[in-house]
Amino acid sequence: MNLDLDPTDRAFRDQMRTFFAEHTPPEFKARIRTGMRLEPAEYTAWQKLLHSRGWGAPSWPKEHGGAGFTPTQHYIFESEASRADAPMQYHQGLELIGPIVFTFGSEAQKAKYLPAIVAGDDWWCQGYSEPGAGSDLAAVSTRAVRDGDRYVISGQKAWTSYAHVANRMFLLARTDPQARKQAGISLFLIDMDTPGITIRPVITMDEVHHTNEVFLDDVRVPLTALLGEEGKGWGYGKVLLDRERGVTAAFTLRLAQQLRGARQAAAQALTPGGTMLDDPRVADRLAQFELEAMALETMVMRTMAEAASGQDSGPRASMIKIRWSELLQQVTEFWTELLGYDAAPFGAVGNQPLAGEGPWPAKGMLYARVTSIYGGANEIQRNIIARRALGL
Amino acid sequence: MDFDLSDEQKLLRDSAARFGEDHYAFSAWRARAAEGRGFDRANWGRMAGLGWLALNVPEADGGLGGSPIDTMVLMEAFGRVLMLEPYVSTCVIAPLLLRHAVAGPRRALMDAIAAGAAVVSLADAEPGSRFDLQHIATRAAPTDGGFVLSGDKSHALDGGVADWFIVPARTAAGVADAGGISLFLVPADAAGLSIHASRAMDHRINARLRLDGVRVGAEALIGDAGDGAPRLRQAVDHAIVARLAEALGAMDAVCEMTLQHLRTRQQFGQPLGAFQALQHRAVDMAIACEEARSMTYLATLSLDKPEAERGRIVAAAKARVSQTSLYVGRQAVQLHGGVGFSEELAVGHYLKRLTMIDMAFGNADHQRARFAALSQAPAAA
């Protein structure tokens with residue numbers, strides 16, 4: 001047991017530290033620190049920059065165009081990015097569909113899709129949730145009917161983040177309505193410019209347009225849009241469980257950014273007697289968040305070290321997701337509290353510029369509400385851990 | 001970056017687990033606890049025979065010169081079975097401090113510790129000091145060939161079963177100063193020393209001490225006069241981390257008991273574990289165990305860092321393990337229902353032990369305040 005990095009990893013850390021220090025655009029930082037997402041064009045520019053260094057897909061194996069990092073290097077990559085207030089990469093192509101394509105896709109699909117994900121040329125959106133299928137995702141009712149050399153897809157998707165930006169969508173649709181719930185579901189890779197797709201924006205409580213409703217009316221796609229086999233779409237998602245470790249590392253290591261932001265806000269928030277940080281109650285609450293984050297970061301280090309030596313981490317990645325989202329919410333709530341009236345200016349009026357340093361901490365606090373809902377609500381995560389890991 | 005045990009450490013883990021199975025069945029533990037003698041001499045002798053009592057004795061003193069990881073492995077196994085033996089006081093704190101003692105008493109006491117022939121307790125608190133190690137009013141006045149010690153100590157872990165005490169006392173400076181603290185070895189039968197023993201809720205026998213003109217020789221001074229504070233802090237940080245591993249073992253054991261209960265206890269025609277409210281509680285307990293394990297590893301592997309960094313991490317770990325372990329212990333009682341409240345079931349004894357570990361060397365609130373103070377400077381940048 002040790003916490004040390006070997007000389008190769010130390011050199012890698014120094015290289016990453018220099019890179020992120022020199023290349024993180026300063027205009028990203030105020031938003032990144034609060035846990036907010038960037039604009040799509042900014043994400044794409046960041047992706048292309050990383051790709052130019054060979055790091056477009058830090059978690060992928062080299063044979064598929066990945067950086068070929070070891071889990072330890074991946075951990076270093078994310079922790080150094082966090083330290084420099086650098087963004088996460090947008091994950092739906094990189095982490096949600098890319099690995100399914102390189103594990104189960106045809107050679108033609110791999111050649112068509114993987115390089116464009118790594119290069120930042122394609123933007124993928126996820127067509128999973130539906131109005132009647134949220135936590136109960138296997139209740140999807142979107143249909144895909146074979147008609148000669150086409151599948152005809154009809155239905156409605158909900159909470160489709162960045163459908164308005166994406167040129168590709170991966171979606172779950174029912175190909176066999178008679179089969180048992182999960183067994184009739186297939187996974188399709190479709191182009192967003194296919195006729196019959198209508199997108200309606202959904203503005204979320206942070207007043208940002210991230211997400212959408214997507215209507216599919218007789219959308220005709222080629223048979224090659226099917227990934228793998230008909231009726232196996234549900235099972236392909238399992239490959240992602242093994243990869244959750246890397247995703248939770250990227251998220252969790254960013255908590256340091258929010259904690260730095262909150263601590264700085266406390267140090268700068270003036271009171272009649274000094275600053276908020278002089279109040280021992282404030283220092284105490286910050287300390288509590290910081291020590292909880294320390295526990296989570298060490299959980300991440302353990303899962304990455306286990307990945308490096310091929311060991312199973314059980315349900316720890318799901319546990320980290322639960323605790324990370326809870327902590328992110330609490331820290332951003334506290335940050336907003338610390339700002340007092342400085343958190344009030346949320347939107348500009350008329351020609352007057354917005355007072356203060358921008359609405360980002362308050363937006364980050366509001367945005368954080370979704371983190372305990374998306375990717376399987378925390379209650380669903382707890383159900384799964386209880387069943388799979390605790391035998392209840 | 002590696003969190004795996006070495007092959008030797010795995011062997012140590014396995015033999016400690018076997019020791020627990022062989023000698024710490026709950027019924028036997030309960031009978032021993034009821035005797036009120038604090039710990040079992042036969043088990044202590046067996047642990048000496050296995051070499052465990054010499055683990056932290058330096059090789060130069062005939063010991064094994066083990067690492068904090070070795071201590072962690074043992075303590076986790078001991079925590080699973082609610083060990084009663086005075087391991088942390090005698091085999092973690094004492095060997096660390098005795099390294100600085102003069103050769104004669106140093107070797108004699110190290111030998112006695114390794115053989116299971118001496119229990120050594122640190123008098124770690126005074127009335128009014130709360131958990132502040134360097135708030136010391138006890139005075140040590142130099143006399144011909146030695147010192148005279150006078151003062152009150154409000155807590156000495158395992159002090160009711162100790163043969164020797166390590167007593168911090170002032171040879172100079174004011175009551176709250178870091179300087180001027182010296183450490184003294186005092187035998188339990190010293191004239192002028194009164195020992196007021198009491199049993200804690202976890203069946204350890206601790207003590208309060210009154211030193212009323214206790215005379216000790218010059219060789220009783222551990223290290224140089226006035227330089228005791230950093231050594232005391234280091235030894236106590238090691239002791240804290242050892243107790244975190246103990247808490248970890250206890251947490252895992254009590255979680256397993258609770259899961260077993262949820263799987264087997266039937267109410268409303270189904271196992272308790274079929275109820276979602278209880279499933280989610282069990283998951284939160286399991287997450288608490290994972291957090292505690294992570295913090296214990298981090299703290300164990302940080303014990304050799306420079307003092308400020310070591311103290312910051314140990315304080316954070318103690319705070320978080322205290323919080324998570326009390327959550328687990330209390331929920332374990334709750335999920336067991338009425339039987340969880342019974343003295344006949346192990347689960348309540350685990351909560352009592354975890355309560356005492358929280359208290360030891362500063363509870364969660366104290367350690368969080370210590371962490372906050374140590375975090376103020378570096379993280380504000």
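This is a predicted model: local features need pLDDT of at least 70, side-chain atom pairs count only at pLDDT 80 or more; totals for chains, interfaces and linings use all residues.

Modeller: Residues are numbered from 1 along each chain as its sequence is written, chains are lettered from A and ligands numbered from 1 in the order in which they are written, and side-chain values use heavy atoms, leaving out hydrogens and water.

Colleague: How much area is buried between chain B and chain A?

Modeller: The contact (heavy atoms within 4.5 Å) draws on 36 residues of chain A and 41 residues of chain B. Buried area is the accessible area (1.4 Å probe) that two parts lose on being put together, summed over both. Carbon and sulfur atoms give 67% of it here, and the total is about 3,900 Å².

Colleague: Which residue of chain A does the side chain of Arg368(B) meet in a salt bridge?

Modeller: A salt bridge is a side-chain nitrogen of Lys or Arg within 4 Å of a carboxyl oxygen of Asp or Glu, and the structure holds 54 of them over all chains. The rule finds 6 across the interface of chain B and chain A, among them Glu290(B) with Arg302(A) at 3.0 Å, N to O. For Arg368(B), the N to O distance is 2.7 Å and the partner is Asp284(A).

Colleague: Why does this pair join two chains?

Modeller: Helices (H or I, at least four residues) and strands (E, at least two) are DSSP runs, numbered from the N terminus. The pair joins two chains because Arg368(B) lies in helix α11 of chain B, whereas Asp284(A) lies in chain A, in helix α10.

Colleague: What volume does the largest cavity have?

Modeller: On a 1 Å grid over the protein atoms alone, a cavity is a set of points where a 1.4 Å probe fits but cannot get out, and lining residues have an atom within 4 Å of a point. The search finds 4 cavities of 30 Å³ or more, and of the 27 residues lining the largest, those nearest its centre include Tyr43(A) and Phe251(A). Grid points are joined across faces, edges and corners, and a volume is the space filled by probe spheres set on the points; for the largest cavity this gives about 430 Å³.

Colleague: Which element gives the most to the lining of the largest cavity?

Modeller: Elements giving two or more residues include α5 (91-104) and α11 (316-339) of chain A. With 4 residues, the element that gives the most is α8(A).

Colleague: In β7(B), what is the bridge partner of Ser194(B)?

Modeller: Strands β6 (residues 193-199) and β7 (residues 205-217) of chain B run antiparallel and are joined by 7 bridges, where pairing needs at least two bridges found by DSSP. They form a hairpin with 5 residues between them, and His203(B) in the turn has a positive phi of about 75 degrees. The partner of Ser194(B) is Arg210(B).

Note on methods. On a 1 Å grid over the protein atoms alone, a cavity is a set of points where a 1.4 Å probe fits but cannot get out, and a pocket is an open set with protein on both sides within 12 Å along at least five of seven lines; lining residues have an atom within 4 Å of a point.
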